[in-house]
Amino acid sequence: MKLILDQIEKHFGEKQVLKGASFTFEQGHIYGLLGRNGAGKTTLMNCLSGEFPPDGGTFHLEAEGAPRPLGEGDVGYVLSTPVVPEFLTGWEFVKFFLEIAGGKDASGRTPDDWLALVGIDGEDRSRLMKDYSHGMKNKMQMLCFLIARPPVILLDEPLTSFDVVAALEMKNLLREMKADHIIIFSTHILQLAADLCDEIAILNHGLLEEVDPAIIHTPAFENRVVEILKDEEHHD
Amino acid sequence: MINSVKNVLRIQAAMSCNRFLFWLKKLPLIRRLFPDSLYGAVNAKQRLMAVVEALKVLSYFAGKFLYLFLCCYAPLVLLADEMTPAGNWPMFVSMVFFMSFFVGCFLQSGILTASLVKYTCVRQMGMSARACLAATTGRDHLQMLITFTPALMVFSWVLGRGPWAGLLLSLELAAARAIGELLHVLLYLKTEKLPGKNAWFIIVLVMGGLAGAYIPVFAGAALPLDRFLLNPAVCIALVGCGAWAAMWLLRFPHYRELVWKTCKAENVSTAAAKQNAAQAAFKDVQMKDSDLTAEDAGSRIRSLKGYEYLNALFFRRHRRLLVKPVKYELMGVGAVFLAGLAGALLAPELTRSLVEQLPAFLPTFVFIMYFMCNTLGQRICKAMFYNCDISFLRYGWYRERKVVLHNFAIRLRRVAGLNLLVAGAICLALAAPVLLTGAALPPLELAAFLLSILCLSVFFTVHPLFMYYVFQPYTSQLAVKNPFFSVINWVVYMVCVLCLQIKQPPHYFVLIVLAATVVYSAAALLVVWRRAPKTFRVK
């Protein structure tokens, strides 16, 4: 399975944020999406998740050579500022989500099992989510894609709000899941990108470009990324 | 000091200019003429700044003429018996005195009022507070003197007192404003209180000012304030005190502390303040801790599944907001029912003649049903957005067509249930005295009347939900961003208010109500079915 982006454009007023970004993301890989502040990483993710349509270009899924449009239910999106319905408890949210995800979860886990999996224990499960911390809300969002297993998973700055233990658990979960999914996550932390990602896509001047995967785990990686991001004339 | 004042004036001009550009860019036809790059174009902006400042000064001059004409001169022409200059000059002065001297001086202090310019210059840029106040409040007062003077001179001339009386009044007004500023500052230094923030103070002051200004016009006799204010001794004393107050204010050394204390981020028009204001608009649907007792879901709710479960929890935890008003409405209807019973038993003749008129009250019931059902529907939609959909709509699966429509159907059923309960109770309360007194109301007419009440309750259930799903107007920052939403709501409200004006409805009015409610509800549901999956998004 592939997620193919073809010439995606998006502008806000006169500001052209995406200027024809093209890329092919493949199943079984974790992609790190890097870019400077304001480069358009969140905009790209919002387009892919259907928050708003792009102004130009297309994107679609391709499974076994047959293309199909990316539906609303095909994307799991974890926002950098997590939003969860605050009038529900964590347990109620998971029960509800398990029911509407209807059959996508073949694990047979109960709401309690799922909450235990992401480390939400005891009394926290029956507390309303309005009283949850940033990190706990983030975990609840992650549970949605763990349960529903959508083909494409987008994570916008996902691990920064987690403590070290939770972050490690999440990283392991993502690694376990990656075989069946296309996982794209944006981050500013190069260390995290190098540690977790199989591929790096850089969003610069509204375009996407790939960093040679061979250098991701070498000392040259940081220099190469900074070099691309600093190169003001690169695409102009 | 002079350089600092110039800098503040420049910042103020740039802010006005940017605001002006921002609004120009909102105008449909000409917005293309003003590209974003204009914000940064130094030379073009200098020219635009000059134009904006000139327009502002012109508008101040025009504003003073307009104010004196509409608030002081026009009432004289319209209300006073005879328009003789000699009789009207005292009334004119009395109006100016109560509104501009009295209310104007005490309503607010320029020095102590928070503003974005002060916040930016003093708190963020660390500029001199005295220079900033000179460039803002000082300039406002000077501007007021300069722009009020020609207007007052013209009106005093029109009213037969020659232009110089107007000039004197203007000087006295400026002096009074300076004294007002001084009193505000002294009060704040002593008590740290800002009277202008107290709603009761404002109400009493404004009502007192308006009463002082307009009662003499109705009564036909004004206090001799013209003779008082134009008495040379009063003139000299007032202007002298004003000058002293202005000097005191110019020399006051502690403006920095004053600005830091009175000018805080939440009081000025920053993004944070806008967010606070937007939050405040949803205050009526915010949940309290007492609503959110998590453990009370109950086994009946827990046995539900999926969206039924979600909505059951939503309505359960919003019962204070949603069910309580219905309870009060039912209590009110119950009281009407008992009154009808008592009337039927104790004064059957009177009650009979009253209830025989029932169909004539259908237009009133249009408004009553609007008031009861539409208000409830709107509140529910607001609560749905603020407490539920604003977060769920960020999930792709929640925006899927079948989910949007399924959720809509559940919500429609629940809200219709509440509204039909009230409508049913109303029907019962109205039908009981009709049946008990044997009123001469043809059964078909009674049935059509009661049916229209039920239809109205369905209509006012469908309407707010339709508006919410098709025009979903709220942004993630909680602003309302869909003009159609406000306009259509306003039109429906106006139609209901206009119905109140119908005293003798024609006999086919009931048919109009039945047809309109049924056709509108059906059309609205069709539009929701076709459009909502595309329009039901966070803006």
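Predicted model: local features only at pLDDT ≥ 70, side-chain atom pairs only at ≥ 80, totals over all residues.
His205 of chain A is found in the loop between strand 9 (199-204) and strand 10 (207-211) of chain A, where helices (H or I, at least four residues) and strands (E, at least two) are DSSP runs numbered from the N terminus. The phi of His205(A) is near 50°, a positive value in a residue other than glycine. His205(A) counts as buried because 20 other C-beta atoms lie within 10 Å; the cut-offs are 20 or more other C-beta atoms within 10 Å for buried, 12 or fewer for exposed, and partly exposed in between, with C-beta atoms placed from the backbone.

Residues are numbered from 1 along each chain as its sequence is written, and chains are lettered from A and ligands numbered from 1 in the order in which they are written.

Arg149(A) sits in the loop between helix 4 (134-148) and strand 7 (152-156) of chain A, and it is partly exposed because 17 other C-beta atoms are within 10 Å.

Now to chain A as a whole, which has seven helices and 10 strands. Of its 236 residues, 44% are buried. Among its contacts with a separation of 6 or more, 73% come from residues 24 or more positions apart; a contact here is a pair of residues whose C-beta atoms, placed from the backbone, lie within 7 Å.

Six strands of chain A form an open sheet in the order 6-7-8-3-9-10, with mixed pairing, and two strands pair if DSSP finds at least two bridges between them. Strand 6 and strand 10 of chain A stand at the edges with a single partner strand each, so one side of each has no neighbour in the sheet. From one strand to the next the twist averages 20°. Within this sheet, strand 3 (residues 30-34) and strand 8 (residues 182-186) of chain A pair in the parallel sense over four bridges, and Tyr31(A) stands opposite Ile184(A) in strand 8 of chain A.

What lies across these strands? Helix 1 (residues 41-49) of chain A lies across strand 3, strand 6, strand 7, strand 8 and strand 9 of chain A, and runs at about 150° to strand 7 of chain A. Such angles run from 0 to 180 degrees between N-to-C directions, and the axes are lines fitted to C-alpha atoms, for helices over the stretch in contact. Helix 7 (residues 220-230) of chain A also packs on the sheet, touching strand 3, strand 9 and strand 10 of chain A, and its direction makes about 20° with that of strand 9 of chain A.

Another open sheet in chain A consists of four strands in the order 2-1-4-5, and its pairing is antiparallel. Its edge strands, strand 2 (15-26) and strand 5 (66-69) of chain A, each pair on one side only. Strand 1 (residues 2-12) and strand 4 (residues 56-63) of chain A pair over six bridges in the antiparallel sense, with Lys2(A) opposite Glu62(A) in strand 4 of chain A.

Turning to the contact between the chains, 24 residues come from chain A and 25 residues from chain B. Which helix of chain A gives the most to the side that touches chain B? That is helix 2 of chain A, with four residues. Helix 2 of chain A is also mostly covered, since nine of its 11 residues are buried, including Trp91(A), Phe93(A) and Phe96(A). The buried residues of helix 2 of chain A pack against helix 3 (111-117) and helix 4 of chain A together with helix 13 (306-317) of chain B.Within chain B, helix 5 (residues 129-158) and helix 6 (residues 162-191) pack at an angle of about 150°, with their axes 7 Å apart. That makes helix 5 of chain B roughly antiparallel to helix 6 of chain B, on a scale where angles under 35 degrees count as roughly parallel, over 145 as roughly antiparallel, 65 to 115 as roughly perpendicular and the rest as oblique.

Finally, Asp389(B) is found in helix 16 (residues 362-392) of chain B, and it is buried, with 23 other C-beta atoms within 10 Å. The C-alpha atoms of Asp389(B) and Arg537(B) are separated by 8.9 Å, although these residues are 148 residues apart along the chain.

Note on methods:
Contact = placed C-beta atoms within 7 Å.
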